[in-house]
Structures are given as C-alpha cells and as structure tokens.
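Work through these exercises with the structure open. Try each task before you read its solution.

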Amino acid sequence: MSDVQKVQVGEVQLAYRVWGEEDAPPAVLLHCLGEDGEDWRGVVGRLAGTHQVFALDQRGHGHSDWPGEYGFARWRDDVIGFLQALGLERVALIGHSLGALAALLVAAERPDLVDRLILEEVPPPLPADPPQEVPEQPAGPQPFDWQAQAAVVAERNAPDPAWWDAPAKVTAPTLVIGGGESSHIPQEHLAGLAERIPDARLVTIEGAGHLVHEERPGEFLAAVNSFLAPRP
C-alpha cells in the first residue's frame with residue numbers, strides 16, 4: 001500500500017494515502033465506520049489505473065487525529081478542508097456507508113468541488129427504525145475512537161432534518177450502489193434517495209450485502225469504472 005501522509009485541516013491532522021499519476025483526474029475515497037484508508041486495498045489498484053486516488057483516514061480513525069468530537073457535519077467539513085488543503089478540484093468522490101453520507105453532504109454543500117459522486121450503501125438520512133443502540137466497546141485497543149460509534153448512533157437515530165434536503169442540492173452525476181436484500185440498509189431507501197438526486201442512477205449488486213467493494217470487488221469496479229468513464 002501507499003505510504004501514509006498527513007495534512008493539517010482545521011484543528012485535526014488527517015492521514016491519507018495516494019496512488020496513481022499526478023496528472024490523472026483525482027478520486028477521493030471515504031471509508032465506513034471503524035475502518036481507514038486501507039479498507040479500499042482490494043479495489044484501489046484498478047482505480048489508480050485511470051485516476052490519482054486519495055484514500056482518507058477520517059477523524060477518529062486510523063492514523064488521523066482522534067479528537068473525541070465527531071458527527072457527520074464534522075466529517076463533511078473535514079473532507080471539504082482536505083480537498084482545499086491539497087488543492088483538489090472537481091474530484092470523483094466515492095464513499096461507503098458513513099463515508100457515503102459524508103460524501104453526499106459534501107456534494108450538497110460544495111457542489112463546485114465534486115465532479116462525480118459514488119455512494120456505496122449510503123445510510124438514508126432518516127431516523128433509524130428501530131432506533132439503534134451503541135454496542136458495548138470490545139476489550140483491548142480499537143482501530144478507531146469508540147466515541148465515533150456513539151456519535152453515529154446518535155445521529156442515525158435523530159438525523160438533522162436538513163440532511164433530507166441534501167440530495168436535491170447535488171449537481172454531480174451520481175451513482176448509488178446497493179448490496180441487495182442481504183444488506184441491513186433498506187434497499188428501497190437507496191432507491192428513494194437516488195430518485196431525489198437530480199442526475200442519479202442506482203445499481204444493485206445482489207448478494208453483496210453492506211460490504212459491496214469487499215464482497216464483490218469485480219462487480220463494484222465494473223459499475224464504478226463504467227460510471228467514471230469519460231462521457232461522449
């Protein structure tokens with residue numbers, strides 16, 4: 001894997017890895033809760049064939065700072081600050097789960113920064129039904145700050161109502177990827193979300209579950225590369 005680099009964004013240092021040629025169009029990868037940039041190891045090689053790929057460790061994860069303060073607005077703003085700090089413009093923004101919701105909020109807040117948007121198994125910005133509970137922290141060191149888990153559960157149970165307005169503000173062509181009925185994300189919610197984004201398509205990879213890029217990397221890459229290919 002690529003060496004870990006760091007950049008200061010506001011009050012936190014964010015770690016990231018880079019692959020691909022510097023003159024290639026940029027793609028930024030945002031992982032799910034509990035993971036880091038290494039989570040994309042199974043697909044990054046192919047993506048780096050056409051893009052300069054940046055895999056971010058989001059705050060509270062991996063080699064980035066663990067400040068104890070979390071939430072989707074902070075993860076959104078960190079990504080915006082990261083793009084600005086590295087001088088990245090018009091990126092392909094690819095997020096999974098937590099990272100997908102952060103990516104959606106970035107694309108709504110700063111549409112000028114996002115050229116294409118890919119949302120893998122994005123949790124819908126609706127109250128979780130039934131409400132979630134924070135699981136008990138396992139014994140021993142963890143690869144992420146458990147307070148981030150608590151923040152996600154709290155915001156999934158009572159999301160900011162403004163988030164439901166975010167899809168309509170997205171101007172980038174968008175690909176929504178679902179893992180089918182074996183996922184814990186209601187697939188009808190993904191379909192509804194795709195309908196609210198002005199230029200979106202939905203691809204469902206049946207049997208992949210929530211971890212589409214890990215369980216079905218070939219099908220995930222086929223959908224992503226087709227979507228990212230230059231349009232005539």
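**Exercise 1. Strand β4 and its partners**

Which residue of β4 is the bridge partner of Arg17? Then describe how β4 pairs and how far it is covered.

Solution. The model is a predicted one.

Step 1. Find Arg17. Its bridge partner in β4 is Ala55.

Step 2. Look at the pairing of β2 (residues 12-19) with β4. The two strands are antiparallel, with five bridges.

Step 3. Turn to β3 (residues 26-30). This strand runs parallel to β4, and five bridges join the two. Here Ala27 stands opposite Val53 of β4.

Step 4. Check the cover. Strand β4 spans residues 52-57, and six of its six residues are buried. Buried means under 20% relative accessible area.

Step 5. Sort the residues by direction. Gln52, Phe54 and Leu56 point one way. Val53, Ala55 and Asp57 point the other way. Both sets are buried.

**Exercise 2. The two sides of α6**

Which residues of helix α6 are buried, and which are exposed on the other side? Say what covers the buried ones.

Solution. 

Step 1. Take α6, residues 187-196. Gln187, Leu190, Leu193 and Ala194 are buried there.

Step 2. Recall the helix rule. An α-helix has 3.6 residues a turn, so residues three or four places apart point the same way.

Step 3. Go to the other side of α6. Glu188 and Glu195 are exposed there.

Step 4. Find the cover over the buried residues. It includes α3 (98-109), β6, α5 (166-169), β7 (174-178) and β8 (200-204).

**Exercise 3. The largest pocket**

How many residues line the largest pocket, and which element gives the largest share of the lining?

Solution. 

Step 1. Start with the space. The largest pocket holds about 250 Å³.

Step 2. Count the lining. There are 14 residues, and Leu33, Ser97, Gln132, Val152 and His184 lie nearest the centre.

Step 3. Trace the source. Helix α4 gives the largest share, four residues.

Step 4. Sort by class. Eight lining residues are nonpolar, five are polar and one is charged.

**Exercise 4. Placing Pro143**

Solution. 

Step 1. Set aside neighbours within four places in sequence. Pro143 then contacts Gly34, His61, Gly62 and Trp66.

Conventions:
Residues numbered from 1 in each chain as written. Predicted model: local features only at pLDDT ≥ 70, side-chain atom pairs only at ≥ 80, totals over all residues. Heavy atoms only, no water. Contact = heavy atoms within 4.5 Å. Buried < 20%, exposed > 50% of the residue type's maximum accessible area, 1.4 Å probe, protein only. Pairing = 2+ DSSP bridges. 1 Å grid on protein atoms, 1.4 Å probe; cavity = no way out; pocket = protein on both sides within 12 Å on 5 of 7 lines; lining within 4 Å. Points joined across faces, edges and corners; volume = space filled by probe spheres on them. Nonpolar A, V, L, I, M, F, W, Y, C, P; charged D, E, K, R; others polar.
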